[in-house]
Amino acid sequence: MRDVIIIIVVHVISPQLFAIFAFATCGGYSGQLRVSVDCINKSDSNLSIGINFAYPFRLNRVEFDVPMCEGRRQERLYLIGDFSSSAEFFVTIAVFSFLYSLLATVVYIFFQNKYRENNRGPLIDFIVTVVFSFMWLVSSSAWAKGLSDVKAATDPDEVVLLMSACKVQTNKCSSVFGYLNFVLWAGNIWFVFKETGWHKGGAARYPASSSEKQATAFNQQVYNQGSFDQSGGAFTGTGDFAQSEYSQVGNYGGPISYTNQ
């Protein structure tokens, strides 16, 4: 029961939370940048031009109007780049990971006996976990590159270069300031691998030897205290030779005793 709880917490609950965090922060993201165009003729200026963008980051479809500093004329511009493929791929992996974690929760709790039957359940779980670990690695790498490109494409200093009015030095333009699951899923591989026949078969292949189960006679035997009598003296000692005493009787006015520790 303890192993089941550990598997549920590490292999199910944690991936669910991180999957929710992944597709919530990416799929629900929206941003805005603001630029200003200050023309020589102040009536033509626009000091707060808002440009909104959001998931799936098809920036080439984001349009905004800016003044040309030529009377009331304006031009319509678009941001540069389409980064929807990497963003949608990342969110898709997050959603499927979340759904698989939910399915695994139901199986671990209500179908534990069938899960371990014929070793098929752990093997399937192990393979799917490895696949998701790899997909998280690929999607995270792709989205990391896509996110870097999104940041570059939405940099106000780069957006200002798209405006024809900003190419005239007399006009002033400026901005208005306003990577487990691979590791986790990779870490989960060990918890799932322990349930497979590969791990259990390896443990059964090397049983403990009889010599490991029995202590040696030297470690078990306890020697009783004995004595050895000789003429003119006696020797007594313990079996482990921790103490020995040698006594001798002589004609020197009394017994002489030698004690060794």
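Predicted model: local features only at pLDDT ≥ 70, side-chain atom pairs only at ≥ 80, totals over all residues.
A polar contact is a pair of N or O atoms within 3.5 Å, where, within protein, one atom must be able to donate a hydrogen and the other to accept it. The points below take up the helices, the disulfides and the salt bridges in turn.

**Transmembrane regions and helices**

- The unreviewed UniProt entry places the feature "transmembrane region" at residues 5-24, 89-111, 123-144 and 176-193.
- A nonpolar patch on the surface is formed by Val95, Phe96, Leu99 and Leu102, which together have about 340 Å² of accessible area.
- Phenylalanine 96, one of the residues of that patch, lies in helix α2, which covers residues 84-110, and its relative accessibility of 49% makes it count as partly exposed.

- Serine 133 is placed in helix α4, which covers residues 120-153, and it counts as buried because its relative accessibility is 2%.
- Serine 140 is also placed in helix α4, where it counts as buried at 8% relative accessibility, and its side chain reaches the backbone oxygen of tryptophan 136 at 2.7 Å.

**Disulfides and a further cysteine**

- The count of disulfides comes to 2, and when the bonded cysteines of the protein chain are numbered in sequence order, the pairing is 1-2, 3-4.
- Cysteine 39 and cysteine 69 form a disulfide with their sulfur atoms 1.8 Å apart, and this link is left-handed, with -70° about the S-S bond.
- Cysteine 39 lies in the loop between β1 (30-38) and β2 (46-54), while cysteine 69 lies in the loop between β3 (63-67) and β4 (74-78), so the pair ties together parts that are 30 residues apart in sequence.
- Both cysteine 39 and cysteine 69 are buried.
- Cysteine 166 and cysteine 173 form a disulfide with their sulfur atoms 2.0 Å apart, and because the torsion about its S-S bond is about -95°, this disulfide is left-handed.
- Cysteine 173 is partly exposed, with a relative accessible area of 22%, whereas cysteine 26 counts as buried at 3% relative accessibility.

**Salt bridges**

- The structure holds 6 salt bridges, and one of them joins the side chains of aspartate 38 and lysine 42 at 3.0 Å from N to O.
- Lysine 42 is exposed, because its relative accessible area of 57% is over the cut-off of 50%.
- Arginine 58 and glutamate 88 form a salt bridge in which the closest N and O atoms are 3.2 Å apart.
- Arginine 58 lies in the loop between β2 and β3 and glutamate 88 lies in helix α2, so this pair ties together parts that are 30 residues apart in sequence.
- Arginine 58 is partly exposed, with a relative accessible area of 28%, and glutamate 88 likewise counts as partly exposed at 28% relative accessibility.
- Aspartate 65 forms a salt bridge with arginine 76, the closest N and O atoms being 2.9 Å apart.
- Since aspartate 65 lies in strand β3 and arginine 76 in strand β4, the pair ties together parts that are 11 residues apart in sequence.
- Salt bridges that share partners join Glu63, Asp65 and Arg76 into one network, in which aspartate 65 is partly exposed, with a relative accessible area of 30%.

Technical notes:
Residues numbered from 1 in each chain as written. Heavy atoms only, no water. UniProt positions renumbered as here; feature names shortened; annotations may be inferred. Patch = residues over 30% accessible without salt bridge, like charges linked within 9 Å, V, L, I, M, F, W, Y side chains within 5 Å. Areas by Shrake-Rupley, 256 points an atom, 1.4 Å probe, with all protein chains shown as cover. Salt bridge = Lys/Arg side-chain N within 4 Å of Asp/Glu carboxyl O. Helix = DSSP H or I, 4+ residues; strand = E, 2+ residues; numbered from the N terminus. Buried < 20%, exposed > 50% of the residue type's maximum accessible area, 1.4 Å probe, protein only. Disulfide = S-S within 2.5 Å.
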